[in-house]
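The sequence and structure come first, and the description follows.

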Amino acid sequence: MSVPASMPARGGVARDLWRLLEPIHAVVYFAPEPLEEFRAAGYRGFWMGYFAGRAAPLGSAGADVVHALFYNFAYERVSRALPAAWSFAPPNEALEARVRGSVRALGRALGPAADGAAVARAAELALRAARSAPFEGRALFAANRSLPVPPEPLAQLWQAATLLREHRGDGHVAALAAAGISGRESHVLHATASGIPREVYGPARDFEEAEWTSRQDALRQRGLLEDNQLSRRGHQLKEQIEERTDQLAAIAYDALTTSETGELTRLLRPLTHAVVREGDIPLDNPMGLDLRESLDQP
């Protein structure tokens, strides 16, 4: 009889699989092929393509909805892209562009392995997990879940990675909001905890020094920062947020047995390492993911 993954292991499984799935999804933001596809569709500039591609499952959404769901962007950045993007190309064209571009990027990174049995089996397992996950209260995940499943295994793997990361992301936003950490503060909190340079968040999230300092001051007033480092209370809160995020994400993998989650991890590891080694995704990035360990793998 199939036995689901044990409760103590659920959070760890979710975190391990996020580390492996996130780079597969993230080619849509960093690789040249998706950017080419968004430009060909008619979107102007990187950010219009970014917001059109990621928000397209919601339909012709405007800035307020996308700002609320994405949580951590400056409103001004979102409103410069949406709803204007839909006058250049409708959401269905953004959906097609993001899949085409991502599959091209993954195919380049994986080479002959892109058409192999490991990709097909990983896609099967990841999709089963993703499509079994509850979607109540997870609007961005639910919007992506409503999309049809593409027929090609590599496209299926990208879609599964996208579903599982947005499922996790919706839970992470809930955990941050419950902890009283705003979207903009979450960047400062994570950068301080992880040592990611503030400069990463300038172009990536439109942070000017004055806003960064004001967000630091807000965290400091709550006792979460001391001398520009996390205080003991800050460390505790950050750990609680991450643990809660893992717990909320883990439910997606209840559809897989312990053996199957182990199999999925083993299948994904060389695929993810190949994507990271391709070098499209910056090692210092705003996704909260340390990619350096992938570079050390054989």
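A salt bridge here is a side-chain nitrogen of Lys or Arg within 4 Å of a carboxyl oxygen of Asp or Glu. The model is a predicted one, in which local features need pLDDT of at least 70 and side-chain atom pairs count only at pLDDT 80 or more, while totals for chains, interfaces and linings use all residues. Residues are numbered from 1 along each chain as its sequence is written, and side-chain values use heavy atoms, with hydrogens and water left out.

**Salt bridges**

Side chains of opposite charge can pair when their charged atoms come close. A search of the whole structure finds 22 salt bridges. The table gives three of these pairs.

| Salt bridge | Distance between closest N and O atoms |
|---|---|
| Arginine 19 and aspartate 16 | 3.5 Å |
| Aspartate 246 and arginine 15 | 3.0 Å |
| Arginine 184 and glutamate 211 | 2.9 Å |

Helices (H or I, at least four residues) are DSSP runs, numbered from the N terminus. Arginine 19 and aspartate 16 are 3 residues apart in helix α1, so about one helical turn separates them. In what follows, buried means under 20% relative accessible area, exposed over 50%, and partly exposed in between (1.4 Å probe, protein chains only). Arginine 19 is partly exposed at 32% relative accessibility, and aspartate 16 is partly exposed at 40%.

Aspartate 246 forms a salt bridge with arginine 15. This pair links distant parts of the chain, with aspartate 246 in helix α14 (residues 232-250) and arginine 15 in helix α1, 231 residues apart. Aspartate 246 is buried at 9% relative accessibility, and arginine 15 is buried at 17%. Both residues belong to a network of salt bridges that also links Arg168, Lys238 and Glu242.

Arginine 184 forms a salt bridge with glutamate 211. Arginine 184 lies in helix α11 (residues 183-194) and glutamate 211 in helix α13, so their pairing ties together parts that are 27 residues apart in sequence. Arginine 184 is buried, with a relative accessible area of 7%, whereas glutamate 211 is partly exposed at 22%.

**Nonpolar cores**

A nonpolar core is a set of buried Ala, Val, Leu, Ile, Met, Phe, Trp, Tyr and Cys residues joined through side-chain atoms within 4.5 Å. The largest core has 76 residues, of which Tyr43, Phe51, Tyr253 and Leu268 touch the most other members. Helix α1 supplies the largest share of this core, 11 residues. Counting heavy atoms within 4.5 Å as a contact, and leaving out residues up to four places away in sequence, leucine 268 touches Leu17, Leu20, Leu21, Ile24, Ala122 and Leu157. A second, separate core has 20 residues, including Val200, Tyr201, Trp212 and Leu225.

**Cavities and a pocket**

Rolling a probe the size of a water molecule over the atoms shows where empty space is left. On a 1 Å grid over the protein atoms alone, a cavity is a set of points where a 1.4 Å probe fits but cannot get out; a pocket is an open set with protein on both sides within 12 Å along at least five of seven lines, and lining residues have an atom within 4 Å of a point. Grid points are joined across faces, edges and corners, and a volume is the space filled by probe spheres set on the points.

The count comes to 3 cavities of 30 Å³ or more. The largest cavity holds about 80 Å³ of space. Its lining includes Leu17, Leu21, Arg168 and Tyr253, and α10 gives the largest share of that lining, 5 residues. The second largest cavity holds about 60 Å³, and among its lining residues are His25, Phe38, Arg98 and Glu166.

The second largest pocket has a volume of about 250 Å³. Of the 14 residues that line this pocket, Leu95, Val99, Leu147, Pro148 and Gln159 are the closest to its centre. Helix α7 gives the most to the lining of this pocket, with 5 residues.

**Backbone features**

A cis peptide bond joins leucine 82 and proline 83, with omega about 5°. Proline 83 lies in the loop between α5 (75-81) and α6 (85-88). Tyrosine 71 is not a glycine but has a positive phi of about 80°; this tyrosine 71 lies in the loop between α4 (63-70) and α5 and is buried at 18% relative accessibility.

Definitions and conventions:
Helices (H or I, at least four residues) and strands (E, at least two) are DSSP runs, numbered from the N terminus.
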